Amino acid sequence: MLLKDEVGMLQRVPLFSGIEPAKLKLLAFTSDRVNYSAGQILFRQGDEADAAYVILSGRADILVDSDSGPIKVAELLPNSIVGEIAILCNSSRTATVRAASDLEALRIRKDHFLRLMKEFPEMTIEILRVLADRLSHTTADLIDARTA
């Protein structure tokens, strides 16, 4: 895939939509394109957070460990980003991400991701929106589970 195609894909990700194309070109150039087959693990719960992933094509499942085995808590579709929470919290991975189909992603190293946040406050605001939305859904799920 050409660099301009990667920039176009990144522009469709809400997190990066406000960033100028020249900076996205640099991001695409410094990131790694990775491919996974269905069933392969992108990262495991507890791993060190070294990168975030933008799903370019395919689907992935977010799984959390439980006493009865892994529980699927969400599904990732193209233009989704995953792995940013552990980077922001400087903690280990909070979940396992497994390819649900053949998957292509852009792997953004931690240092590049954090530099982008410093340079583009609008990206930081969008990250806060994404995280607040996830928290809202998690809270609703918790309420449903406790009232069931």
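I started with what Glu 104 touches: Arg 33, Val 34, Asn 35, Val 54, Ile 55, Leu 56 and Ser 57, leaving out residues up to four places away in sequence. Contact here means heavy atoms within 4.5 Å. This is a predicted model, where local features need pLDDT of at least 70 and side-chain atom pairs count only at pLDDT 80 or more, while totals for chains, interfaces and linings use all residues. Residues are numbered from 1 along each chain as its sequence is written, and side-chain values use heavy atoms, without hydrogens and water.

Next I looked up where Glu 104 sits, and found it in strand E8, residues 103-109 (strands are DSSP runs of at least two residues, helices, H or I, of at least four, numbered from the N terminus). Is Glu 104 buried or exposed? It counts as buried because its relative accessibility is 18% (buried is under 20%, exposed over 50%, partly exposed in between, with a 1.4 Å probe and protein chains only).

Then I checked confidence. The protein chain has a mean pLDDT of 88, with 99% of its residues at 70 or more (pLDDT is the predictor's confidence in each residue, from 0 to 100). Among the elements, helix H1 (residues 3-11) has the lowest mean, 81, and strand E7 (residues 96-99) the highest, 98.
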